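Hi everyone, thanks for coming. Please take a look at what I have on the screen, and then I'll walk you through a few spots.

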Amino acid sequence: NDMGITQSEFGFPTTRHEKNFLNGNLELVDRGVINKTKLSGWARAIPGDVAESFLNVPRLQYINLSQSTSKQMLQGKYQGRKTGDDLIELMVEAVETAQTYGAKIIGVNAEDASRSDMEFLLKFIHAAKKAGASRFRYCDTLGYDDPHTAYERIYTLAKETGMDIETHFHNDLGMAVGCSVLGAKAAIDAGVDAYINTAVNGMGERAGYADLISCLLAILKSSGMKGNYQ
């Protein structure tokens, strides 16, 4: 909050052991202690999970809803029991459920977006936008992209949908910061707002995420970004 960070994904409201932590932090928002950073929950893009999130944490106003989009995830996670259209339908129902509970900002996440078919991603984003989602999160779940492909794919998605983009890159190949900065640049070049998912010191699941300070320095100091992008 003191750094002016736009938003923090502060937990999983369907997880009962986090319930008091989440409600306690939102109490600090009500009291004006946290007054710059929006506190956002994360849930699977399944209507029942969304409803449970808002029942467990009634003060929740911001939420990101995640659904898998790659063929590999359809086969591996869902064992071929669901089609891509099934997952889009679930996502749309989840967004609509969040709206019924008064969510102010709803982000929709595509798990394994970097390995997903572009035409399907476009269909997914258009459906999310039509349902009332505010942002699309491009998740490089397995650290597959490089900065060049990140720029190209995100530029296309942003240009063709007009949807604000969040970048979410993992550091398996040591390129999370580069992909994040170039991905954000692509979104802005395409005419939408960009949000970069980072973690303090890059600490996070598996190989880690993009480092907060490294991303800030790259945007503020690098020759291609300094003075050219806000």
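Let me start with a question: which residues does Arg59 touch, not counting residues up to four places away in sequence? They are Asn23, Leu26, Glu27 and Asp30, where contact means heavy atoms within 4.5 Å.

Before going on, a word on what we are looking at. This is a predicted model, in which local features need pLDDT of at least 70, side-chain atom pairs count only at pLDDT 80 or more, and totals for chains, interfaces and linings use all residues. Residues are numbered from 1 along each chain as its sequence is written, and side-chain values use heavy atoms, with hydrogens and water left out.

Back to Arg59, then. You'll find Arg59 in the loop between H2 and E3; helices (H or I, at least four residues) and strands (E, at least two) are DSSP runs, numbered from the N terminus. Its relative accessible area is 35%, so Arg59 is partly exposed. For the cut-offs, buried means under 20% relative accessible area, exposed means over 50%, and partly exposed is in between, with a 1.4 Å probe and protein chains only.

Now look across to Asn25, in helix H1, residues 19-30. Asn25 and Arg59 are 34 residues apart along the chain, and their C-alpha atoms are separated by 10.0 Å. Is Asn25 buried or exposed? Its relative accessibility is 16%, so Asn25 counts as buried. Leaving aside residues up to four places away in sequence, Asn25 touches Phe10, Ile34 and Leu39.

Next, helix H4, residues 84-100. With 17 residues at 1.5 Å each, H4 should span 24 Å, and the 25 Å between its end C-alpha atoms agrees; the expected span is 1.5 Å times one less than the number of residues. Several H4 residues are buried, among them Leu87, Ile88, Met91 and Val95. What do the buried residues of H4 pack against? Their partners are helices H2 (47-56), H3 (71-76) and H5 (118-131), together with strands E3 (62-68) and E4 (105-111). After H4 comes Gly102, with a positive phi near 85 degrees.

H5 leads us to helix H6, residues 147-161. The axes of H5 and H6 come within 10 Å and cross at roughly 40 degrees. Axes here are lines fitted to C-alpha atoms, for helices over the stretch in contact, and angles run from 0 to 180 degrees between N-to-C directions. The two helices are therefore oblique to each other: angles under 35 degrees count as roughly parallel, over 145 as roughly antiparallel, 65 to 115 as roughly perpendicular, and the rest as oblique. On the H5 side, the contact residues include Leu121, Leu122 and Ile125, and on the H6 side they include Arg153, Leu157 and Glu160.

Finally, H7 (residues 176-189) and H8 (residues 212-221). Their axes come within 10 Å and cross at roughly 45 degrees, so H7 and H8 are oblique to each other. Val177, Ser180 and Val181 in H7 meet Ser214, Cys215, Ala218 and Ile219 in H8.

Ile188 counts as partly exposed because its relative accessibility is 32%. Ile188 touches Ala194 and Tyr229, again not counting residues up to four places away in sequence.
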